[in-house]
Amino acid sequence: MNTLVTSKEEILEASRELIRQKGWSAVNIRSVAAACGVSVGSIYNYFDSKAALVSAAVESVWCEIFHRPEDGAVFQDTQACITWLYGRMEYGGKQYPGFFTLHSLGFMGQDKSDGKRRMQQTWRHILDGLCTVLQRDAKVRPDAFTEQFTAEKCADLLFSLMLSALLRQDYDPSAVLELVRRALY
């Protein structure tokens with residue numbers, strides 16, 4: 001048995017593969033050590049507990065799903081961004097069946113606060129990105145936003161629709177795109 005893992009990323013890659021094949025609940029110190037071909041102690045060199053490993057693995061999955069697109073134009077156009085986000089949601093749903101609906105339930109216990117924090121950080125990053133896109137989008141009417149309906153509130157609404165779509169496993173953005181077109185353009 002190999003006793004050294006060359007990187008934390010290798011551990012996270014093995015964890016993502018376990019999540020992909022068996023679901024996120026299959027990730028634990030022993031299963032990841034076995035998948036990496038290393039001792040359990042080697043995993044503890046990088047993660048001090050199962051909760052730390054699981055929360056880092058979940059964050060790694062979120063980052064893989066919503067990695068930065070190669071086409072930077074996605075962040076200049078609200079409709080392109082929404083289309084990209086829904087496409088990435090569909091990718092995540094196929095690559096990691098049940099991940100979106102099941103993993104958040106697993107973070108309800110007391111020892112999972114780091115996992116919840118990491119998930120909320122990822123969500124905050126997506127929400128902030130939506131807000132930035134709304135502010136950069138040259139097609140948005142000058143009077144689209146008001147004191148009551150700000151770009152931030154619009155981004156929050158779009159993000160809520162995205163989370164709802166994740167839970168329903170509905171990756172068709174057409175209604176949201178039409179809403180954007182009618183309300184903002």
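How many aromatic pairs does the rule count?

## Aromatic pairs

The count comes to five aromatic pairs, where rings of Phe, Tyr and Trp (its six-membered ring) pair if their centres lie within 6.5 Å, with planes under 30 degrees apart called stacked, over 60 edge-to-face and the rest tilted. The model is predicted: local features need pLDDT of at least 70, side-chain atom pairs count only at pLDDT 80 or more, and totals for chains, interfaces and linings use all residues. Residues are numbered from 1 along each chain as its sequence is written, and side-chain values use heavy atoms, with hydrogens and water left out.

Trp62 and Phe66 are stacked, because their ring centres are 5.8 Å apart and their planes stand at 15°. Both residues are buried (under 20% relative accessible area; exposed is over 50%, partly exposed in between; 1.4 Å probe, protein chains only). Ring pairs join Trp62 and Phe66 with Trp123 and Phe159 in a cluster.

Phe145 and Phe149 form a tilted pair, with centres 5.9 Å apart and planes at 35°. Phe145 is partly exposed at 24% relative accessibility, and Phe149 is partly exposed at 28%.

## Cavity

The largest cavity has a volume of about 40 Å³; a cavity is a set of points on a 1 Å grid over the protein atoms alone where a 1.4 Å probe fits but cannot get out, and lining residues have an atom within 4 Å of a point. Its lining consists of Ile82, Leu85, Tyr86, Leu130, Leu158, Met162 and Val176. Helix H5 (78–95) and helix H8 (151–168) each supply at least two lining residues, and H5 gives the largest share, three residues.

Technical notes. 1 Å grid on protein atoms, 1.4 Å probe; cavity = no way out; pocket = protein on both sides within 12 Å on 5 of 7 lines; lining within 4 Å. Points joined across faces, edges and corners; volume = space filled by probe spheres on them. Helix = DSSP H or I, 4+ residues; strand = E, 2+ residues; numbered from the N terminus.
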